[in-house]
Amino acid sequence: MADQTLSDTPIIQIKNVSKIFGGNVKAVDNVDLEVRRGEFFALLGPSGCGKTTLLRMLAGFEVPTHGSIIVDGQEMSNVPPNKRPINMVFQSYAVFPHMSVEQNVAYGLKMDRRPAKEIKERVAEALDLVKLGHLGKRMPDEMSGGQRQRVALARALVKRPKVLLLDEPLSALDAKLREAMQLELVRLQKTVGITFVIVTHDQSEALSMANRIAVMNTGTVQQVAPPTTLYEMPKNRFVADFIGKINMIEGEATDAGNGEVRVKTGSLGEITLKGTATGKVALAVRPEKIFVDEKQPTDPSLIYVKGKVGEVAYFGSYSNVFFDIGTGTPLQADISNVSSDIEEFTFKTGEEYWVYWRKADTLVLGD
């Protein structure tokens, strides 16, 4: 995750913005957001949640039905896309196939009628930033997907925008190259120091790159927070379920005072936990926070239950083990494979173990 010191001053202010298509399809629903100067910010959510529509309104390719967008103190409602202090990198790269790398990167500056000497210097600087300085004479069809994506980045950065928008920029790359480009984008953003706003449906991509993430669903922002906060303290069931893997055990909660609730569940009995949600709730715990033992735990700070091994999925560094604990939904535990002895602690279907986790690692989530 990017870790540079950030300004508290917002460079983007999105105020009560909605976008309605066809008279009744609300793609974005009354969104309020601020993006800080120099921040790597992610809009994260499933397909159709409104994140790309919001990005297109920032770029000027869509006009808000209601609300206002302010960039660097200027209201954008009457500012066309080519006059905004913003540039955008598209999912499809959109590099010109008939132009060399240098010509692609220089295109925007030529349209702005910048002097030839300045264009040459800025193109060289942009290509060096994305580590393509030695490939300026190449044609796009002579380059890999990752290199073409770098050309698109250089073409956007050469204009020196105050904000760079990235619309699913890595989705067309294979898994290994995508991981490498995630690190490269973070390095690049730190180097140039401008604000990056990325749209993605890939939660691991957002977690690994962004300073803060806005999780969206059905046109609304569900939660805005740094990656660690989103993962460890999700605001509701949707965010908890969308960010990583999580177990949810249904229960009924009543207020127990002092910031605690008393939760009744079928499989775990009655438990008092920190929380404020009451009524129908879910007890949520991440699979990596669950432990397994043949002996029954006795520590009162733990929640424990007898579980029967169902499916086992081996992932090399860990095994994802599913336990039947009588709720109708298997409980997942990510068990680290710390030993190279393949016979050690091998789980077999039907075996019974005590499954346990800390009360402190248990979230009480409402809707």
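Outside the four sequence places on either side of it, Leu164 is in contact (heavy atoms within 4.5 Å) with Asn87, Met88, Val89, Leu153, Ala156, Leu157, Ile194, Thr195, Phe196 and Val197. The model is predicted, so that local features need pLDDT of at least 70 and side-chain atom pairs count only at pLDDT 80 or more, whereas totals for chains, interfaces and linings use all residues. Residues are numbered from 1 along each chain as its sequence is written, and side-chain values use heavy atoms, with hydrogens and water left out.

Leu164 also belongs to the largest nonpolar core, which has 46 residues; those with the most contacts inside this core are Val105, Leu153, Leu164, Leu166, Leu185 and Ile213. A nonpolar core is a set of buried Ala, Val, Leu, Ile, Met, Phe, Trp, Tyr and Cys residues joined through side-chain atoms within 4.5 Å, where buried means under 20% relative accessible area with a 1.4 Å probe and protein chains only. The greatest contribution, six residues, is made by helix α4 (residues 145-157). Another core, of 28 residues, lies apart from this one and includes Ile11, Ile86, Met88 and Leu165.

Helices (H or I, at least four residues) and strands (E, at least two) are DSSP runs, numbered from the N terminus. Four strands form an open antiparallel sheet in the order β2-β1-β4-β5, pairing being assigned if DSSP finds at least two bridges between two strands. Because β2 (25-36) and β5 (74-75) stand at the edges with a single partner strand each, one side of each is left without a neighbour in the sheet. Five bridges link β1 (residues 10-21) and β4 (residues 66-71), and Ser18 has His66 in β4 as its bridge partner. Helix α1 (residues 51-59) packs on this sheet and touches β1, β2 and β4; its direction makes about 120° with that of β1, the angle running from 0 to 180 degrees between N-to-C directions of axes fitted to C-alpha atoms, for helices over the stretch in contact.

A further open sheet comprises five strands in the order β13-β12-β11-β14-β20, again with antiparallel pairing. Its edges are β13 (269-274) and β20 (363-365), each with a single partner strand, so one side of each lacks a neighbour in the sheet. Neighbouring strands are turned by 40° against each other on average, direction ignored. Strands β11 (residues 247-257) and β12 (residues 260-265) are joined by five bridges, with Gly257 opposite Glu260 in β12.

Notes
Buried < 20%, exposed > 50% of the residue type's maximum accessible area, 1.4 Å probe, protein only. Lists of a residue's contacts leave out its neighbours within four places in sequence.
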